Amino acid sequence: MASETVVLEDQETVADLATFFSRARSIEDGAVLIQAAGSALALYVPVLYPEFLGDSVPTVLGMRAVRLGRPAEAGGVFAISALTDRLARMGETSLELSIPPAEVQASWAGQQVPRGGWEQRETLEDDALLAEAMRGIGVVAQALPENAGKPVLKTVRARIWSSPVEGVQTPMPLGMAFGAHALGFLRAGATSTLFASGQWLRLSSGGGHVVARQGGVLG
């Protein structure tokens, strides 16, 4: 039976999730996919994803994993605002996070990230990834016309964040570097490791993971 609540390990984890949700909402104030199994809780948020069937934009997701103070089984797609509100109401002593009663729809959440089969491809400097993310942010800003509407904004961002990261042997979308930066996963002077499993890539950094799958398929 699915749990209606999950017990986080400590107050540091509570604060960590609050920061993660805040950063995720700065990218898109939409949904979060949660998967709790045993003493682990994994949370996925969107960075970039195809808007329609056949769209060539890759799916790029940020993933944060935290430990639970008590084993639980829970899962679903929920409004990130609902989970943010529940974290805020927990106060300074509670570790029990209630799962929202209603799920939401999110096309990107239907894709299954591989649980295994990951092969290491290369080690990347976090400083270089940060530089690439900032380069992309600058290109987006220059490419946008004044008073750009939401459709134009999405089109420009999709085109730029789908382009490859420079200086990396394994082709990976620039959106992975942007996601790692925007979600606070990169550390100055540190390194991240790039893995591959089938059509998926995973960038594992000190603060979390970013996974990506080449576009064209929904669900």
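Which element gives the most to the lining of the largest pocket? That's α4, with eight residues.

Quick caveats: this is a predicted model, where local features need pLDDT of at least 70 and side-chain atom pairs count only at pLDDT 80 or more, while totals for chains, interfaces and linings use all residues. Residues are numbered from 1 along each chain as its sequence is written, and side-chain values use heavy atoms, with hydrogens and water left out.

Okay, the pocket itself. On a 1 Å grid over the protein atoms alone, a pocket is an open set of points where a 1.4 Å probe fits, with protein on both sides within 12 Å along at least five of seven lines, and lining residues have an atom within 4 Å of a point. Our largest one holds about 600 Å³ of space, the volume being the space filled by probe spheres set on the points. It has 23 lining residues, and Ile-27, Val-47, Leu-48, Lys-154 and Arg-157 sit nearest the centre.

Now, α4 also packs on α3 (residues 126–143), at about 150° with the axes 10 Å apart; axes are lines fitted to C-alpha atoms over the stretch in contact, and angles run from 0 to 180 degrees between N-to-C directions. On the α4 side, Arg-157 is one of the contact residues, contact meaning heavy atoms within 4.5 Å.

Last stop: Thr-170, in the loop between α4 (150–162) and α5 (174–182). Buried or exposed? Thr-170 counts as buried because its relative accessibility is 10%, and the cut-off for buried is under 20% with a 1.4 Å probe, protein chains only. Leaving aside neighbours within four places in sequence, Thr-170 touches Arg-121, Glu-122, Leu-194 and Leu-201.

Terms used:
Helix = DSSP H or I, 4+ residues; strand = E, 2+ residues; numbered from the N terminus. Buried < 20%, exposed > 50% of the residue type's maximum accessible area, 1.4 Å probe, protein only.
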